[in-house]
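This report goes through a structural model at the level of chains, domains and single residues. The sequence and coordinates come first.

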Amino acid sequence: MDETRRSLIKGMLTGGTLLAFGIPTVTQAVSISQTLSGGTHNCRLLLGNTPIDEAFAKGAEAACAGYSSFSQEGALSTFQLADELLTDPLRIADLLTQSPNMRWVAIMDYANAAIFTELVRNSEQRLLALGSHMSASSDSTSLPLRHMWTTASPAYSAGGLLASLLAQNRHDFSIVENFLDQARADSAMKDSSLAGFSSYWLAEQPATHLHCAGVSPLKANQLIGWKASENWRSVSSGGDESSINQDQTAPGATLEHLRFDNWIEATGYAIIATALGMGTHQEPCSSRAFVHQSGQRHPDHQGLSGNHFVSFVIDV
Amino acid sequence: MTSQYIALPKGVSEETFDAAIHDFRKVLGDASVLTSAEQLAPYIKTMMPVSDAEHTPSAALLATTVEQIQKIVAICNQYKVPIWMISTGKNLGYGSAAPAERGQVVLDLKRMNRILEVDKDLAFALVEPGVTYQQLYDHIKEHKLGLWLSMPAPSAIAGPVGNTLDRGVGYTPYGEQFLFACGMEVVLANGEVLRTGMGSMPNSNTWQVFKWGYGPYLDGIFTQSNYGIVTKFGFWLMPEPPAFKPFVIQYQHEEDIVEIVETIRPLRISGVIPNAVVIAHALYEAPVKAKRSDYVSGPGSIPDEAVYRIMKDHKLGIWNVYAALYGTQEQIDVNWSIVTQAFSQSGKAKILTEQEAADDPAFVYRAKLMRGDMTLTEFSLYNWRGGGGSMWFAPVSQARGSETLKQMALTKQILAKHGLDYSGEFIVGMRDMHHIVDVLYDKTDPEQTKAAYQCFDELLTEFSARGYGTYRVNTAFMDKVAETYGPVQRNVHKTLKKALDPNGILAPGKSGIR
């Protein structure tokens, strides 16, 4: 690497392009002392210069604050992109490869995400979760707030935590998660139900779970584009209840005090909390979905309608 | 029982696959055989309106030498394990790096990234498949070779081997990539190494300067195919011209496409305009400057009225013709006079040069591509709707105004029926037009995803019924497109496949060939 590029990256790492939303420009990366893979990681946030950066960072800060309260760690290091991915993508690739033993959470628009995905593969990083987050206009036939994740394993799933946060704020939403490797779910992980949701399993392989609120399983399938099936089994009327438990890792009281101004903050919280190892409502399955229709239109849907972004969680 | 792999090749048991992985590791080492979900996740994402599960690989292999590839194909033959080859894997909108079928093993050649030769005098390069345009660009600049590349939109992160083998284009006079290919090294399914053209002759130094060799010309069968693994690739580079003059010509009405094409064709065939001219619709250029949600919300395609507002707000034509002149200043002056005279005749054209359009981001990125510079600005298309759905619809037409108008109207009508926008452009080849349409949709919306699939299927059906063939397509629709070219061609492809790859280990499904 030439010296100019080395200096540029050094500049970025020491704060030259750091932007803090209430975060000091030079901060200690949050250490994840008990990672899912057993090693020690630090966590950093990469913001892709989108209109939702500030809201996401606010949610991320809240997650860090919760984490720090028991780990005594510092705030989250935050990096702000300008237009590097479109103009000088290799600079971002260098940034990643020069931060070993680091867990990165990145958010960006779809144009940048197309390039970033390629950089992640090229530099042989480990992609734990890739999320697509969309708030659509109110007259769409689908639910106005939609999240879709491809996640390496249920152990990296943020969907359950996000569902509980969005539900308590009465959003209408769908969350669909596909897990590439069900086998690597945490051995302690159990099927769980979520307060306010009716839970269903598909009595066939691959293991598929559906959690509905305010909507029937048939309608939920339609809303998320899954094939209709007669084989959904209600957890309360025929599932193996001995293996079901209300998730104790995040009792309702812990989440109830959390209030977010909008869905993006809630998403920021859920993604960062999960990246820090505080994920909840994680189940051993191949796919699952949460569909929530409150019947009320949350005012926030209008305010942030049309916003969309992509999230990444990667280990370097 | 849960598998230790995230997918398995079709018809291969886990026990057999275990044995193959064990052997791959003996050849490549543990670190170069990827099987975990975290490692494979970056290979899975596609923009097609089908489940990513249909294109999930079982493993990825990171080879670095021809000898390793020879051993890999031997293992694949032994265990009947199919591989899907990628060079840099940047086939965005055509399937990206994901295999055509679930369970195929990706053979990722990105680590084979040596620039083997760049000859300044004869203006050619010989590279390995993992070489990116950025690498080559830096090499040429560093050594002050005075040569230009001709890059597609993913420029810096893509590479010449993948782009040429999939018959992609660039935007300089050398933009028809395969026309300028000269000599390949190919590992065949039986492990033999073939050098095409003059490369087969011991001690020949003409491999990268004479394309044809002796006997049947073979290079073509290794493009858009699955007959071999290209491990070295030669191609010609354009000498940097002394002068360069990019320009844009704007028109205000969709039916003006007839006049545009009729004006360009003679200029293009005679070589007055030497590069691949782009005729971009306003909605293809708009994402560089505007957001769809600023103009329209809700379901349905964007109304014409909103398109006209975008044009007005952002100084776009409904058609924006980007081209350039190359050569000495004297040559450019003469040709500029011919171009302006031709386009000025009807009084409809607004001609802008760098002087007037230097601040226009759409013009800036087009000018960069036309002089072989790197820019990824075209990716702004993906922000138009958001949601991550994109498929390139790429029919070919004659370079006649009447044909382009028919294609545009038919495309627009089918897209509108399914609630999607016309984001299209025509790239003027020597005598053809590549009609390139980005079918953009929101993949988080199941209704729109379903509509996008049906729309693309209908586009292929309706165009082929009228004799318009598609020159390139994403992996979800390869069989359908192969079918449109008729049974005889399909049978020849199959016969060649049986002869060269009897076990069907190389990329089954590529271009519908198995």
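Mean pLDDT for chain A is 78, with 71% of its residues at 70 or more. Residues 1–28 of chain A stay under 50, and the model has 38 contacts beyond four places in sequence for them. A further stretch of chain A, residues 33–40, is also below 50 in pLDDT and has 11 contacts beyond near neighbours in sequence. Where pLDDT is low, the predicted coordinates should not be read in detail.

Chain B contains 15 helices and 19 strands. The C-alpha trace of chain B spans about 70 × 55 × 45 Å along its principal axes. Of the 514 residues in chain B, 56% are buried. Among contacts in chain B with a separation of 6 or more, 73% join residues 24 or more positions apart.

Chain B is divided into domain 1 (14–110), domain 2 (115–239) and domain 3 (243–473). Between the C-alpha centres of domain 1 and domain 2 of chain B the distance is 24 Å. The contact between these two domains of chain B involves 13 residues of domain 1 and 16 residues of domain 2. On the domain 1 side, helix 3 (residues 66–79) of chain B supplies the largest share, 5 residues. That side of domain 1 of chain B, by class, has 7 nonpolar, 4 polar and 2 charged residues.

One open sheet of chain B is built from 4 strands in the order 1-2-4-3, with mixed pairing. Its edges are strand 1 (33–34) and strand 3 (83–86) of chain B, each of which pairs on one side only. Strand 2 (residues 59–62) and strand 4 (residues 105–108) of chain B run parallel to each other, paired over 4 bridges. In this sheet B:Ala60 stands opposite B:Val106 of strand 4 of chain B.

Between the chains, 40 residues of chain A are in contact with 42 residues of chain B. Several elements of chain A supply at least two residues each to the side that touches chain B, including helix 4 (89–97), strand 5 (126–135) and strand 14 (308–315). Helix 5 of chain A gives the most, with 9 residues. By class, this side of chain A has 18 nonpolar, 13 polar and 9 charged residues.

Most residues other than glycine have a negative phi, and most peptide bonds are trans.

B:Gln224 has 17 other C-beta atoms within 10 Å, so B:Gln224 is partly exposed.

Notes
Residues are numbered from 1 along each chain as its sequence is written. Chains are lettered from A and ligands numbered from 1 in the order in which they are written. This is a predicted model: local features need pLDDT of at least 70, side-chain atom pairs count only at pLDDT 80 or more; totals for chains, interfaces and linings use all residues. Two strands pair if DSSP finds at least two bridges between them. A residue is buried if 20 or more other C-beta atoms lie within 10 Å of its own, exposed if 12 or fewer, and partly exposed in between; C-beta atoms are placed from the backbone. Two residues are in contact if their C-beta atoms, placed from the backbone, lie within 7 Å. Ala, Val, Leu, Ile, Met, Phe, Trp, Tyr, Cys and Pro count as nonpolar, Asp, Glu, Lys and Arg as charged, and the others, Gly among them, as polar. Domain bounds come from an automatic or database domain assignment. pLDDT is the predictor's confidence in each residue, from 0 to 100.
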